[in-house]
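Subject: Structure handover and notes

Hi,

Have a look at it first, then read on whenever you have a moment.

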Amino acid sequence: MGEQVDVVVVGAGPVGLLAAIELTLGGVSVLVLERLAAPSMVAKALMIGPLGIEALQRRGMAAAMAAAQERTFAAMKKATEQHGPDARRGGNKFSGHFGGLTLIRADAQKEPGRRGRPVDQQAAEAMLTERALALGIEVRRDCDVTNFVQQADGVDAGWASPTGEGRIRCSYLIGCDGGRSAIRKMAGFDFPGTPATMTMYQATAEIDHAERLLPSGWRRTSGGVFSYGFLPGKLIMLDFSGPPENREAREAPVTPEEIEAVLRRVSGADVRVKALESGSRWPDNTRLVDTYRRGRVLLAGDAAHIHSPFGGQGMSLGLVDAANLGWKLAAVVRGEMPESFLDTYAAERRPVAEAVLENTRAQAAIMRPDPQSGAMRDLVARLLDFDDVNRFIGETMSGLCVRYDLGSERDDVGRLIGDMPISHRDGEGSLYDLTQDGMGVLLDASTGGKASRLVAASAQKIRCAGVDKGPSMLIRPDACIAWAGEANSTDGLEEALRRWFIPLPVQ
């Protein structure tokens, strides 16, 4: 018999690492298997949206993210010095934008303090790896899952590495192995969607006389869209001449010649690429799995949904998948919740992914270079002058509009709560200070701690904090408000505890 572990996570990107952290904090054993021998340095996500940022803050990575952000700002300052004052403003991918329109205003948002940050994927992986190792999580690299068999009480998975091969037994397996997920394919998930219509490029390149030939900021031309210089050497292009012809073309390494040819076509400038440090390409196809779970195999992140990177939504979407799934799966593995508890994962997260796919398709439509798309783009730009429209688009892009349907008439129930200062009976602090170990939280504003007594008598893994003002709130480990009550009322609290926290009776 091979190794045994509670959960195998396949993929050591940000989503897989956060899933492993959540599971470990939930008290179950985890092994992360990663096909790559070392973290990929291929240019990928450049930012994390607010909900993803908050998922990392709740697990102790606020300082690491602040440091990563400062490194990016320093690089942007350098780019401004190299490429002129418009580089940072016009090409700032980190301010709110929709379809390249950097018109989402902080003053129109309900919660302007909750915003994305310029933390790139490599920085996110580094801080998550450090946190995972500190928790004792094994991340086994250069190890490819080659097959698995589901049984009634677990999953038997086979793996191979340059030094050998073996099998491992787990209760559940999570595929966090990206858009070309082998786990998704082996498990037989349907992955329908829309075909690609264009190709996007991200590169770090040295371009001869760029300061003279390429204007700063986002530029839409008759050939496509490009932005150069918002970070040193950073180039983003949207080529509307069509997607890669086939899989071989899509997966081939990006060359300096390809970047030069596309940039000439899109910019209309006679540019020359002197050197290419890194480059990547993506089509704009969108796909979404039919379900997030098949038996004991679950998917999260790009393994479950792919879309264009417009608006910088992808990494945040996957991180919140992991935050939603991790604590729930841990409760099931501990035997405290029924397996049907996992159905809430897909019920809550799949509609969110569906909405992201829709808004990225809409963004692609208004970025095309034809006159009809240009007219629609101009109309959207004018509509963004209205605060209500600006707020709607802003919350759509940030994810702050997300509200899970928990059956409550209260607008706050089902929403993901941001960090906030709280005054509790033990002193001053912040909400996220109470969440670092993965527990749920009760903010109790009731007289005499009435709500806290109810929680203490019936549930575990909830930290109670008496607060000076209401409403009282029961907050799940993923920051979802599971219950809220005004004044001294605890109506509905016991039902919420049974639904999300109270263990099954011992058989």
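A residue is called buried here when its relative accessible area is under 20%, exposed when it is over 50%, and partly exposed in between, using a 1.4 Å probe and protein chains only. The model is predicted, so local features need pLDDT of at least 70 and side-chain atom pairs count only at pLDDT 80 or more, while totals for chains, interfaces and linings use all residues. Residues are numbered from 1 along each chain as its sequence is written, and side-chain values use heavy atoms, with hydrogens and water left out.

Let me begin with helix 14. Helices (H or I, at least four residues) and strands (E, at least two) are DSSP runs, numbered from the N terminus. Ser-452 sits in helix 14, which covers residues 450–458. Ser-452 counts as buried because its relative accessibility is 17%. Contact means heavy atoms within 4.5 Å; by that rule, and not counting residues up to four places away in sequence, Ser-452 touches Leu-442, Asp-444 and Cys-464. The buried residues of helix 14 are Ala-451, Ser-452 and Val-455. They lie on the same side of helix 14, because they cover an arc of only 100 degrees around the axis, the arc being that of the directions from the helix axis to the C-beta atoms. Arg-453 and Ala-457 are exposed on the other side of helix 14. The cover over the buried residues of helix 14 includes strand 19 (440–444), strand 20 (462–466) and helix 15 (493–500).

Next comes helix 12. This helix has 13 residues and reaches 18 Å from its first C-alpha to its last, close to the 18 Å expected at 1.5 Å a residue; the expected span is 1.5 Å times one less than the number of residues. Which residues of helix 12 are buried? They are Ser-373, Gly-374, Arg-377, Val-380 and Ala-381. Because these cover an arc of only 120 degrees around the axis, they are on the same side of helix 12. The face turned away from that buried side carries the exposed residues Pro-371, Gln-372 and Arg-382. Strand 9 (217–220) and helix 11 (343–367) are included in what covers the buried residues of helix 12.

Met-376 is also found in helix 12 (residues 371–383), and at 43% relative accessibility Met-376 counts as partly exposed. Together with Leu-379, Leu-383 and Phe-386, Met-376 forms a nonpolar patch on the surface, with about 370 Å² of accessible area in total. Accessible areas come from the Shrake-Rupley method with a 1.4 Å probe, and for residues only the protein chains shown count as cover. Patches are made of residues with over 30% relative accessible area and no salt bridge, joining like charges within 9 Å and nonpolar side chains (Val, Leu, Ile, Met, Phe, Trp, Tyr) within 5 Å.

Leu-238 lies in strand 11 (residues 234–239) and counts as buried at 2% relative accessibility. Leaving aside neighbours within four places in sequence, the contacts of Leu-238 include Met-198, Gly-223, Val-266, Phe-310 and Met-367. In helix 9, the buried residues are Ile-259, Glu-260, Val-262, Leu-263, Val-266 and Ser-267. They pack against strand 8 (199–207), strand 10 (224–228), strand 11 and strand 12 (273–283). Just after helix 9, Gly-268 takes a positive phi of about 80 degrees.

Finally, the salt bridges. A salt bridge is a side-chain nitrogen of Lys or Arg within 4 Å of a carboxyl oxygen of Asp or Glu, and a search of the whole structure finds 31 of them. One joins the side chains of Asp-239 and Arg-265 (2.6 Å, N to O). Asp-239 lies in strand 11 and Arg-265 in helix 9 (residues 256–267), so the pair ties together parts that are 26 residues apart in sequence. Asp-239 is buried, with a relative accessible area of 3%, whereas Arg-265 counts as partly exposed at 42%. Another salt bridge links Asp-478 with Arg-476, the closest N and O atoms being 2.7 Å apart, and both of these residues are buried. Lys-328, Glu-348, Arg-476 and Asp-478 are linked in a network of salt bridges.

Best wishes
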